[in-house]
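Hi there,

Here is the structure I promised to send over. My notes on it follow below.

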Amino acid sequence: MVEEPIHLFVYDLSNGMAAQWGRALTGRQIDGIWHTSLVLYGMEVFYGQGISIIAPPGTTHHGTPLKQLPMGTTRLDRATFMEYIEGMKEVYSAEKYHLLDFNCNSFTNDVLGFLNGNTIPEDIRNLPRDILSTPFGQQMRPMIDQMFSGRSGPPARTAVESLLPANPASGNPTNSSLTSNLQVSSSATSLRSILQASPAVAVMYTSATCGPCVAIKPTFEGLAQLHSRLQFVIVDIGIGGGSQIAADSTGEFGGSVRATPTFRFYVKGKKVNECKGADERELKTQVGMLELEAFPPHPHEKLPLPAIRKLTGTLAPVTYLTVPALPSLASKLNGFIAESKSTSLLPVTSTILTKRVIAYLAALPPTPATPAQPLPPGLADAWTSSTTNALASLPSSEWFPVLDLWRIGLARDGARLSPSLSTVLPAVLALITEAKLLDSPDLAKPLLLTSLRFVSNALPFEPLTSILLSSNAGAREGTTRLIVRALLDQDKSVRSVGAGLVWSVVGRVWQERTKGAGEEKSNEEWEVEVACAVLEALGREKESVEVVHRLSASLGLIMFKSSHFEAIKSIMEALEAGTVLESKKALAASEGRKEVLSLLSEVQLLLS
């Protein structure tokens, strides 16, 4: 039998904009918003406004493919393949299309699995999950859901273009939307990949001639919207390889399915339960049980912790919005540069920092107003390069005005500046958190305070947060060193800013923890280290109730619902944390701070 070669054509729906804006919007490198199609038998087959078949390949409205990847061969003849595609048209209809999940890539992966058991590349298949694991992706859900409801969904390229910034030089990036956790599988390969990629999956086995299936299907689809942490899959046993999945001769999916509708529930790829028939109450119960088994509630859920729970609704980072007299700041920096004997200091650095940047900052409206004018052309690139040059050329005691320019810029125009700052932030962070500098008894207070406030003002912006809390290149370690140095300082004002920074960092980590998606921004070692530093600072604090408040809040939040709680608790008990917390109550009571007293008691309860 002659084998037919299969190729995967790959297109970028963003026309390069994802590569340009991906890291700025999501904190990750996104090389493209991929559209794929399968090429065989002299035609190109893809899914968008329904299933389309175009000949010759490469002549679709998507233009020229960026990649043409060989995906093996198939022994199916053309007539059998076309019969399969015809049966899939009802499943992959125009109204069911969803940009980032039930899309062209869902289709090509499903069809490829039917043709020869292969899957499309993982980076293409998992792109929706990668984007949705970021705050930007989660914010985008409502817009996309509305965009692709019913038959009004636009072509995919139009949708992508509407979500990305139209002009990198102007305006704030638009925060908008995405998601769908409901898929169709018509091959064992596609179902297998879903079970491997998802911690918990509910599968509905259905058929076109099954009346009860039609009746219960809307309930199944509605449950997918209610239980976003679960993956929902529909297998039609009359389409494609659906009958082979249902037969399950190897027992891989839990044995053969003998009636429809049948619902099966999987945790980590293993079947844990099933139910049959159109019993809506039973289906809802089973889905609820699946979620509980896959995502069991943390033991802390049962504790009476109203003060700590209240903290979880007030996680905005502590930021510093005050703008000093800009002419004085420019004069100070200009004086440092003029007196420098460094041969590496470029003449243009003074002009850019003390004239162009100062003029731009002076024209910005006070927070929370949004700047109406576009960024001056070339300013961001010139600013970052001049910052690098100034920090490399000036002594560390003279860095603070350079950093303060960025602190002010982030306070008033951070959404537009954060993409540019992200390119140099690792290097800047490495300089200001270098252990030798922070441990020096000659560390200048202006530099320490400005460094703390600069990092604090970066935390509201996801691309910068991802860098500050990344384990790559020691960024997270540097951020932690800066926090610990501030918390143990003799100066109350430094300790106060340090306590604000640790609260802001712990807040970002807690958000990642409860979101249950995205890159790991903390681990056991880091959480233990921060908890120990916070406890030590609490024990030392004798002056400021506000510092005690922020530190106790940080300690409570880093332990609350943490998967590393037992390890933290063990160390806290060895350090007699309960005694330390009790000793702070007198200070809180002396100023009538009932909320601080409640918080200290609840942190003690966590450790009891």
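Predicted model: local features only at pLDDT ≥ 70, side-chain atom pairs only at ≥ 80, totals over all residues.

Residues are numbered from 1 along each chain as its sequence is written, and side-chain values use heavy atoms, with hydrogens and water left out.

Glu543 forms a salt bridge with Arg495, with 3.0 Å between the closest N and O atoms (a salt bridge is a side-chain nitrogen of Lys or Arg within 4 Å of a carboxyl oxygen of Asp or Glu). This pair links distant parts of the chain, 48 residues apart: Arg495 sits in helix H23 (residues 492–515) and Glu543 in the loop between H24 and helix H25 (545–559). Helices here are DSSP runs (H or I, at least four residues), numbered from the N terminus. Arg495 is buried, at a relative accessible area of 8%.

The structure holds 21 salt bridges. Another one joins Asp404 and Arg407, at 2.5 Å between the closest N and O atoms. Both residues lie in helix H17 (residues 400–421), three residues apart, or about one turn of the helix, and both are buried. There is also a network of salt bridges, which links Arg264, Lys271, Glu274 and Lys276.

Happy browsing!

Notes
Helix = DSSP H or I, 4+ residues; strand = E, 2+ residues; numbered from the N terminus. Buried < 20%, exposed > 50% of the residue type's maximum accessible area, 1.4 Å probe, protein only.
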